[in-house]
Structure formats: structure tokens, C-alpha cells
Amino acid sequence: MSQLLTTDVVSPPQRAAFWTDLICATYVKLECDPLEKGSGFAGSILRHQLPGLDVSVVKSRSQRVMRTPRTISTASDDYFIVSLQTHGGGTIIQDGREAVLSPGDFAIYDSTRPYTLRFDDDFGEIVLKMRGDHLRSLVRDTHKLTATTVCGRTGAGRLLIEMINTLQTEVDSLVPASAGAVAEGIVNLLVAGLRSLPACRNVEPSTMSAYHVARIRRCIDERLQDPTLTIESIASSLHMSPGHLHRLFKSEPQSPSQYLWGRRLDQCSRDLLDPRRARASVAEIAFNWGFNDAAHFSRAFRDRFGCSPREWRASGGTRQADLVHAGDQLTAGGV
């Protein structure tokens with residue numbers, strides 16, 4: 001689903017304040033200081049929503065955007081946001097680093113810590129927003145990768161940008177099941193780009209350890225629907241002790257249990273959006289993927305996706321009601 005948000009719907013003197021409300025509703029709570037004072041400010045956000053991933057195209061005038069300790073203290077948001085510069089220049093400052101972006105470059109920043117975005121001239125960017133726990137489950141030491149420029153003209157960075165550019169023309173024709181696969185592909189390319197950074201080039205685990213971790217994950221994936229599956233039973237089936245299994249995962253972003261329950265929740269989230277499972281109840285879907293307690297499933301789902309399973313299904317995997325409501329209030333009542 002796509003949604004266009006623009007300052008054109010309010011009078012010029014109101015646009016800067018209206019823009020701040022739009023970016024807060026779309027991303028996280030922020031402070032925005034337009035560098036072009038007066039009534040000349042303008043901005044737009046074309047938002048595409050995929051399961052587990054928001055993709056938006058931003059065009060705006062010069063500004064400085066800040067995520068401050070004060071705005072962090074008033075919310076519990078935990079997202080990674082990716083800025084892919086399309087025209088003009090941008091600077092991202094976080095964790096003592098400064099990423100200067102030219103068209104084709106991208107960098108990530110973490111909503112749980114202060115950051116500053118600076119755009120000295122008119123600019124355009126594609127912004128990805130994903131759950132913080134999701135990226136941390138795929139990449140170690142994410143705090144070392146923020147505000148670090150990734151070149152989008154070669155390698156995985158170029159593939160990521162090409163995929164997103166193609167997505168923009170096709171996103172509204174995607175069925176929910178396909179949209180989930182596309183979102184996963186975008187995230188995989190993002191991870192590949194981040195792993196090209198020097199800070200991510202850690203000592204690789206031994207070939208034998210990597211082999212065993214792959215075996216364990218494959219065993220979990222094959223038995224996700226088994227409600228009796230435990231780490232102990234996985235270890236037994238692979239002829240190793242539970243302690244040894246946990247040691248093999250010591251250098252991995254997730255523990256074996258986190259991987260198991262995360263995979264189950266992801267499969268449930270997809271089934272909730274699948275038109276072929278529209279007649280299945282939430283409980284049926286949960287039990288089909290190895291959950292045996294509806295209350296535990298509901299709590300775990302909310303922790304991972306930020307809403308209940310029923311809200312996820314009703315909204316097509318995205319939570320846009322707050323944004324639409326905020327936009328309606330602003331348009332009707334002014335800023």
C-alpha cells in the first residue's frame with residue numbers, strides 16, 4: 001500500500017510545523033529545524049508499506065533533523081533507519097561518527113540513541129525503517145556501523161538501490177505473500193552492504209563451527225511446526241550436548257532459542273497476511289507454528305511487531321492508523 005504525505009495540503013506559513021508532524025508520525029519523534037526560513041518550505045513523503053519494512057521516498061527543502069535525549073525519553077521506539085541519498089547531499093551524525101552521503105550512498109542510524117541529519121540544500125532520499133531487533137539478529141555490533149557511508153555504486157549497495165528503484169514502480173501490484181518476500185530480499189541486500197564495512201569484518205568463525213550452526217538452524221527450520229521442539233531435543237537429534245550447542249552460537253547475533261521463536265513468529269506473521277489463510281483463526285495459525293499457549297503467542301507477537309496479531313492482520317502488516325489520524329487532524333484543524 002502506498003500513501004502520499006505532502007505539505008501542499010496546508011498554507012505556506014504552516015508547512016514547516018506540519019512537516020515536523022509528518023516525519024514524527026512516519027518515523028520516530030524528532031525535532032526539525034528548516035534551514036530555509038519563512039513560507040518557502042516544502043516537503044513530501046511517498047510511503048510504501050511492506051511486511052516488517054517501511055520504504056518511503058522523501059523530497060524536501062534544506063533542514064536539520066535531530067533525535068535528542070528528550071525525544072527518546074518520551075517514546076520506546078526501537079528502529080534502524082536507512083537513508084539512501086537520491087539527489088543533493090546529506091550528513092548523518094551518530095555515535096561520534098559522521099557519514100557524508102552523495103547520490104547513490106547510504107548509511108544507517110539507530111533510533112534508540114541521539115542522532116542528527118543535516119541537509120544543506122534541497123534533497124531527495126529513499127528511507128527504509130525496520131525493527132531494531134530484526135537487524136541486530138542479522139548483524140553483530142550494529143553500534144559500530146551507524147553513521148558510516150556505504151557506497152551504492154558497486155556491489156551489494158548497488159543491487160539494493162536497483163531493487164528499491166524497481167520496487168517503487170511495482171509495489172502496489174504485490175500481493176501480501178510476495179511483498180513479504182520482497183521485504184526480506186531488501187533486508188538481505190542491506191545486510192550484505194553493511195557486512196562490506198571494515199567494522200563488520202570480524203574474525204570469521206571456523207569452518208567447522210559454521211557448518212554446525214548451519215546444521216542446527218536447518219534442524220530448527222525443518223521442525224518449526226513441532227510444538228515439542230526444544231533446544232535439548234535439537235541437541236539430542238544432532239548427537240551433541242545442549243551446552244555445546246549453545247557454545248556454537250556464542251558468536252552469533254541470536255541465541256538458539258531466539259532464532260527458534262523468531263522464525264516461528266515470522267512464519268505466523270506471513271500466514272496472517274496470506275489471503276489463502278484468511279479463514280484460519282489467529283489461534284490456528286499460532287498452533288500450526290508450534291505455539292501451544294495463545295496468551296504467550298500474543299505477548300511474543302506484540303513484543304516483536306509492536307501490535308497484536310489481529311491488528312497486524314487487519315492492517316496488512318503495517319500500523320498506519322496513527323499516521324492517518326494525525327494527518328486528518330492536522331489537515332482539518334491546522335497546526
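**Buried residues and a helix crossing**

Trainee: Is T91 buried or exposed?
Mentor: T91 counts as buried, because its relative accessibility is 16%. Buried means under 20% relative accessible area, exposed means over 50%, and partly exposed is in between, using a 1.4 Å probe and protein chains only.

Trainee: What kind of model is this?
Mentor: This is a predicted model, in which local features need pLDDT of at least 70 and side-chain atom pairs count only at pLDDT 80 or more, while totals for chains, interfaces and linings use all residues. Residues are numbered from 1 along each chain as its sequence is written, and side-chain values use heavy atoms, with hydrogens and water left out.

Trainee: Where does T91 lie, and what is T91 in contact with?
Mentor: T91 lies in strand β7, residues 90-94. Helices (H or I, at least four residues) and strands (E, at least two) are DSSP runs, numbered from the N terminus. Apart from neighbours within four places in sequence, T91 is in contact with E98, A99, V100, T116, L117 and R118; contact means heavy atoms within 4.5 Å.

Trainee: And D95, where does that lie?
Mentor: D95 lies in the loop between β7 and β8 (97-101). D95 counts as partly exposed because its relative accessibility is 31%. Its phi is near 55°, a positive value in a residue other than glycine.

Trainee: What is the phi of A147?
Mentor: The phi of A147 is near 50°, again a positive value in a residue other than glycine. A147 lies in the loop between α3 (132-138) and α4 (155-170). A147 is buried, as its relative accessible area is 3%.

Trainee: Changing topic: why is R67 called buried?
Mentor: R67 is buried because its relative accessible area is 1%. R67 lies in strand β5, residues 63-67.

Trainee: Which backbone oxygen lies 2.9 Å from a polar atom of the R67 side chain?
Mentor: That is the backbone oxygen of K29. A polar contact is a pair of N or O atoms within 3.5 Å; within protein, one must be able to donate a hydrogen and the other to accept it, and residues adjacent in sequence count only if both atoms are side-chain atoms. Leaving aside neighbours within four places in sequence, the residues in contact with R67 include K29, D77, R113 and Y115.

Trainee: Now the helices: how do α9 and α11 cross?
Mentor: The axes of α9 (residues 256-273) and α11 (residues 294-305) come within 11 Å and cross at roughly 90°. Therefore α9 is roughly perpendicular to α11. Axes are lines fitted to C-alpha atoms, for helices over the stretch in contact, and angles run from 0 to 180 degrees between N-to-C directions. Angles under 35 degrees count as roughly parallel, over 145 as roughly antiparallel, 65 to 115 as roughly perpendicular and the rest as oblique.

Trainee: Which residues meet there?
Mentor: From α9, W261, G262, L265, D266, C268, S269 and L272 meet H296, F297, A300, F301, R304 and F305 of α11.

Trainee: Where is P309 found?
Mentor: P309 is found in helix α12, residues 309-314. P309 is buried, since its relative accessible area is 4%. Beyond neighbours within four places in sequence, P309 is in contact with L272, V282, F297, S298 and F301.

Trainee: How many helices and strands has the protein chain?
Mentor: The protein chain has 13 helices and 11 strands, and 47% of its 335 residues count as buried.
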